[in-house]
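Hello,

Here is the structure I promised to pass on to you. Have a look at it first, and then read my notes below.

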Amino acid sequence: MGLIAKLFGKVEEEDEVPVKEYAVGKPFPQRRASDREDCFFTCMNDIGPCLVSYYKGPTPVEVAAWQRGQVELAVTKINCVIYILGRFGPNIVEADYSIHTEKEVDFEQLILHKDDKLQLFLVDADTNLVQAIRSVQLPPYFSQQLCCFMAEQCTEGVEQEQFAQVVQEVRERTNVEELFHLAPTKMYVPSTVELEQVIARENIIMDNPVVIRDNGSIDVLISRKDVENNRLEEVVRRFNVLLKPTVVGLAKQRVNVIFCGYAADAREPFEIEGVCRFVEEVDKRFPYWFYFLRLDVPGLRHLCYVLCQAKRFSDGKTKVAKGAMNAFLEKHLLALDYLAMEIKLSTDEHLQLRAQIQEYFFGKK
């Protein structure tokens, strides 16, 4: 169920409305009164939230920017108006929106978010023919901010005249470039070429779940395939090898945990419930991260985010709840103490490890 559906306590049901045809070269199903260039945001019953932009005679370069290029999206709210903005190549489009301006969509359907995905449409303003279609997954922090703005509008009861007045005032004092720059919540979508290259590299990496580097460091993967196929025992075995008497001393602070296979997912691993559950099970069987993990790379921090189910906020920053962080530290410092005793680590080394963990997470005192 999508975030907006959860916000309003709605349960998604199977669509009873006939499916419209959305295809490149076909007319865009929603007609409009004018043929001028503009952009609008709406939520359609059958496909959910859409950003639709009309260009007059879009060039091949502009079409490619929508279909395959890098995309930046932003959302902000000024008084009673939500602004959804997108940068496609050198062009920025802007859609001013109020949930109260929806006419053709039933309000009960409007609040059903389709899997937190945004559909992007580029349409020729002269012919109404679709030139490009793209589906973009919204990261949770972006969806949540959009949800919050919509909820605010629901309680505000905005009149059409008030909405139009705010739109006019904003346009008079702010251009679209400034509006995009000032928007506090942004997200980035890589080009299809970038994404294909990263996915290809990930597929190669996933075939080698443990890699020993020339400098002695050890990369250990937790991959999407591991999670989706519930290969718990196999992953635990990867880490348990580190506990062998002939390995444990050599592997001290040499290991980097890498989450792999999520390049095409707008969510971070800590925002994916299945990843969090899987890593929690690994952690029950192997909690010795503070001894083995490198402190010069972000792997331990990423692991902490997953185990603490961190949150990304509208500014894009990741934060861990204080209680979750305290529990994480307590559990894994105890695991470090236990392992230090088992392998007869010297007191000086043990205390040094504890101090290094403190510095890694909180900096020097």
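Arg224 and Asp265 join their side chains in a salt bridge, with 3.6 Å from N to O. A salt bridge here is a side-chain nitrogen of Lys or Arg within 4 Å of a carboxyl oxygen of Asp or Glu. The two partners lie 41 residues apart: Arg224 belongs to helix 8 (residues 224–228), while Asp265 sits in the loop between strand 11 (255–260) and helix 11 (273–285). Helices (H or I, at least four residues) and strands (E, at least two) are DSSP runs, numbered from the N terminus. Arg224 is partly exposed at 23% relative accessibility, and Asp265 is buried at 9%. Buried means under 20% relative accessible area, exposed over 50%, and partly exposed in between (1.4 Å probe, protein chains only). Through shared partners, salt bridges tie Arg224, Glu228, Asp265 and Arg267 into one network.

Before you read on, please note that this is a predicted model, where local features need pLDDT of at least 70, side-chain atom pairs count only at pLDDT 80 or more, and totals for chains, interfaces and linings use all residues. Residues are numbered from 1 along each chain as its sequence is written, and side-chain values use heavy atoms, leaving out hydrogens and water.

How many salt bridges does a search of the whole structure find? The search gives 23. One of them joins Arg171 and Asp96 (2.7 Å, N to O).

There is also an open sheet of four strands, in the order 1-2-6-7 with mixed pairing. Two strands pair if DSSP finds at least two bridges between them.

Best wishes
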